[in-house]
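Have the model open as you read.

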Amino acid sequence: MSATEPALLSLTEVAQAIVQKRLSSREATQSCLDRIAQWQSPLNAFMAIEAHEALAAADDADASLAKGTLRGPLHGVPLAHKDMYYDAGKVVTCGSRIRRDFVATSTATALQRLKDAGTIRLGSLQMAEFAYGPTGHNTHYGPVHNPWALDRVTGGSSSGSGAAVAARLTFAALGSDTGGSIRMPAHFCGVTGLKTTVGRISRAGAMPLSQSLDTVGPLARTALDCALLLGLMAGADADDPTAVLGPLPDYTAATRQPMKGLIIGVPTAFYVDDLDPEVAGILDDTIAVLKREGADIVQVELPDQRQLTAACQLVLAVEAAAFHKRWMIERPQDYGPQVLMRLQNGLAIPGVSYLEAMRWRGPALSAHLAAVAGVDAVIAPVAPVAAPTIAESDVGNSPDAEAVIQRLTRFTRPINYLGLPALAIPSGFTRGGLPVAMQLIGRSFDEAMLLRIGAAFQRATDFHDRVPKSA
Amino acid sequence: MTRPSAKEIKAIADVAGVPVSADVAARIANSIGPAFEGFAVVAGTLPFDLEPASFLVVQAAQDTNEVLK
């Protein structure tokens with residue numbers, strides 16, 4: 001690893017370097033491809049690597065810039081994304097056997113907006129089958145390995161996104177978060193991940209799992225990088241009426257604001273219960289940094305989060321089963337055992353129960369907002385433990401599989417049910433060298449506040465700058 | 001709100017057009033039981049005229065507040 005290796009720059013840094021002609025798109029792209037060649041075999045992070053096309057696109061971007069044409073703020077920046085974002089003319093597997101040969105005929109709005117900003121495509125990234133799994137296992141394409149410890153999981157479902165950003169194979173990656181699928185890989189892999197408010201970014205052209213809970217968001221090295229990407233992707237979209245209209249804040253400007261004077265809440269229960277001692281210690285250390293940077297820390301008593309988790313499970317199970325019903329009838333043998341098992345769970349939930357869970361969402365969000373009325377954000381662990389081993393988390397469709405999954409995702413699902421934004425930030429390492437992240441949980445549509453706090457935290461710490469050693 | 005039994009799940013799955021074996025029905029009952037138990041406190045208590053779109057109303061009020069800041 002060289003200190004001058006372009007792939008080690010952050011997204012913001014590489015974009016500026018290309019625009020200012022201190023670095024060519026080809027150099028940046030070749031650097032990523034060199035690292036992909038080194039890491040792909042041990043990590044299995046990429047679904048497809050498109051080296052020749054990427055270099056050709058980089059040369060084209062360099063030629064355009066030489067003629068004075070700047071396509072956008074990410075001109076010539078090579079990126080790869082979770083393999084569930086439709087890209088016209090490309091195979092989009094969704095991590096599945098069923099869509100192994102599916103060629104998209106349209107391009108996802110979020111992806112198109114990044115293309116319009118000048119990005120080029122490195123390939124596509126691995127993921128849990130149909131984004132329905134929190135560990136990074138995939139029956140069809142093999143597990144993605146954690147670059148910090150190859151015998152450990154990456155978290156999922158955005159498994160390739162977490163691993164590839166951590167190993168510096170791409171400057172950033174799109175993930176999706178329906179039950180924790182951006183925050184879990186960010187936590188296990190030591191990168192920054194933004195789960196956006198439901199409605200903040202268009203989901204048009206993104207593979208659906210649960211229409212009420214699905215969110216699009218980035219995994220990147222820094223909060224500033226996430227702010228840059230959010231600003232490019234957010235906003236209304238004629239192809240997705242759930243994407244909210246209205247003015248957007250300047251997210252990158254928010255990252256320059258200080259933490260001083262902000263009030264950050266620490267839950268009195270649930271998120272601090274039954275933590276691994278090392279995770280508990282890192283939570284304490286994180287709170288100490290926030291205090292040192294000028295934040296006021298207060299305790300907050302949140303409504304019963306177990307009810308939110310249960311409601312989330314009812315909604316997710318039914319909506320996922322409804323999306324997949326035709327394939328469950330016609331091609332059940334083509335699903336991995338765990339995904340089929342979880343899809344079948346949705347069959348057993350009566351319509352009245354599902355609608356009760358949907359009707360309760362408004363009052364539950366009101367109650368949460370009332371509980372956090374005096375604070376700017378809440379801090380909590382993403383998960384109670386650091387990355388488990390691939391072997392111990394390979395529960396397949398065993399009778400206790402759902403219980404294992406629920407335990408692992410118990411701190412992320414309540415936030416999905418409430419549709420709130422949350423920013424996972426690298427916050428420390430275990431004695432064994434595994435990364436641990438905390439999540440900043442905000443109010444609906446207040447991603448700017450989370451990015452402000454996250455960026456201030458990253459100015460005071462270096463956990464996000466650490467790079468796993470070569471395999 | 002009680003968790004459905006394996007027998008009930010088998011019947012529901014049949015009606016849904018995606019039949020499952022008795023073993024699968026038992027596994028589903030085991031998997032989703034905790035969700036039913038966790039939601040039991042809420043189930044059956046919601047007011048008559050509460051509709052799902054209230055979530056969007058609460059969310060939108062927050063968005064408006066953020067813009068006005």
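## The interface

Between chain B and chain A the salt-bridge count is zero, a salt bridge being a side-chain nitrogen of Lys or Arg within 4 Å of a carboxyl oxygen of Asp or Glu. Chain B brings 38 residues to the contact and chain A 43 residues, with contact meaning heavy atoms within 4.5 Å. On the chain B side, H2(B) gives the largest share, ten residues.

About 3400 Å² is buried between the two chains, 65% of it from carbon and sulfur atoms (accessible area, 1.4 Å probe, lost on being put together and summed over both parts). Of what chain B buries against chain A, 18% comes from Arg27(B), Phe39(B) and Phe55(B), more than any other three residues supply.

## Arg361(A) and its rings

The charged end of Arg361(A) sits over the ring of Phe55(B), 4.0 Å from its centre. Arg361(A) also lies over the face of Tyr417(A), at 5.9 Å from the ring centre. The rule here is NZ of Lys or CZ of Arg within 6 Å of the ring centre and within 35 degrees of the ring normal.

## Aromatic pairs

Over all chains there are ten aromatic pairs (Phe, Tyr or six-membered Trp ring centres within 6.5 Å; planes under 30 degrees apart are stacked, over 60 edge-to-face, the rest tilted). Tyr271(A) and Phe411(A) have ring centres 5.4 Å apart and planes at 50 degrees, so this pair is tilted.

## Ground rules

This is a predicted model: local features need pLDDT of at least 70, side-chain atom pairs count only at pLDDT 80 or more, and totals for chains, interfaces and linings use all residues. Residues are numbered from 1 along each chain as written, chains are lettered from A and ligands numbered from 1 in the order written, and side-chain values use heavy atoms, leaving out hydrogens and water.

Technical notes
Helices (H or I, at least four residues) and strands (E, at least two) are DSSP runs, numbered from the N terminus.
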